[in-house]
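Hi,

Here is the structure I promised to pass on. Have a look first, and my notes on what turned up follow below.

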Amino acid sequence: MAEPLKKKKKMDPAVVRAREERKKKRLEKQIRRLEKNTRQLKPIQECEVPLNLLDEKQARQRGISHSAELLEKRVLLEKRWANFKREQVLSDLQTIDRLLFCQQKALDELRNESEELYQEAIQFDFHLIPFTSVGPVETPAIENYDVPDGEYQDVSKKWT
């Protein structure tokens with residue numbers, strides 16, 4: 001029941017090369033289009049401002065104007081606060097560095113004295129932070145819950 005194979009037509013190499021070039025160009029164009037779309041961010045519905053709020057923006061804004069003196073005081077206060085917080089963070093980091101250095105120095109001295117004591121010292125103490133967990137292994141079934149059967153409809157929005 002076998003049939004003889006069809007004889008392949010001999011094609012001009014220039015035609016074959018032109019076809020491959022067209023395929024290659026089409027694929028490159030699709031890749032460029034996909035790369036261009038990757039830069040577009042998907043919109044987040046929670047971040048979108050409702051249109052009615054945009055329409056009411058002028059009515060919602062207060063017409064309060066502050067004096068230049070008050071604005072200058074606020075700017076100076078913000079600068080002082082930023083400087084205070086920067087110094088606080090730096091002092092915290094210096095304290096942590098000093099403590100870590102002292103700890104490492106003490107461990108080095110302990111290692112020089114006794115390797116066994118050093119190995120004991122670097123072990124994690126589980127008895128300092130006791131943790132026991134007792135609870136159900138499985139979540140109990142919800143009473144009178146109607147389990148959905150059948151097709152699942154994906155209602156999430158598709159962004160392309």
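**What turned up**

W81 and F84 sit three residues apart, about one turn of the helix, and both belong to helix α4 (residues 68-113). Helices here are DSSP runs of H or I with at least four residues, strands are E runs of at least two, and both are numbered from the N terminus.

Before going further, a word on the source: this is a predicted model, so local features need pLDDT of at least 70 and side-chain atom pairs count only at pLDDT 80 or more, while totals for chains, interfaces and linings use all residues. Numbering runs from 1 along each chain as its sequence is written, and side-chain values use heavy atoms, with hydrogens and water left out.

Back to those rings. Searching the whole structure gives one aromatic pair. The pair is W81 with F84, and it is tilted, with 5.6 Å centre to centre and 35° between the planes. (The rule: rings of Phe, Tyr and Trp, the latter by its six-membered ring, pair if their centres lie within 6.5 Å; planes under 30 degrees apart are stacked, over 60 edge-to-face, and the rest tilted.) W81 counts as exposed because its relative accessibility is 54%, whereas F84, at 43%, counts as partly exposed. For those words, buried means under 20% relative accessible area, exposed means over 50%, and partly exposed is in between, using a 1.4 Å probe and protein chains only.

Further along helix α4 you'll find V89, which is partly exposed because its relative accessible area is 46%.

Now for the charges. How many salt bridges does the count come to? The count is two, where a salt bridge is a side-chain nitrogen of Lys or Arg within 4 Å of a carboxyl oxygen of Asp or Glu. In one of them R60 pairs with E56, with the closest N and O atoms 3.1 Å apart. R60 is exposed at 54% relative accessibility, and E56 is partly exposed at 35%.

The other bridge links the side chains of R111 and E115, at 3.4 Å from N to O. R111 is in helix α4, and is partly exposed at 40%; E115 is partly exposed too, at 37%. Setting aside neighbours within four places in sequence, R111 also contacts Y118 and Q119, contact meaning heavy atoms within 4.5 Å. R111 and A121 are ten residues apart along the chain, and their C-alpha atoms are separated by 9.6 Å.

Helix α5 (residues 115-121) holds E120, which is exposed because its relative accessibility is 59%. From C-alpha to C-alpha, E120 is 33 Å from V89, and the two are 31 residues apart in sequence.

Most residues other than glycine have a negative phi. N144 is not a glycine, yet has a positive phi of about 60°. N144 lies in the segment after α5 and counts as exposed, at 81% relative accessibility.

Cheers
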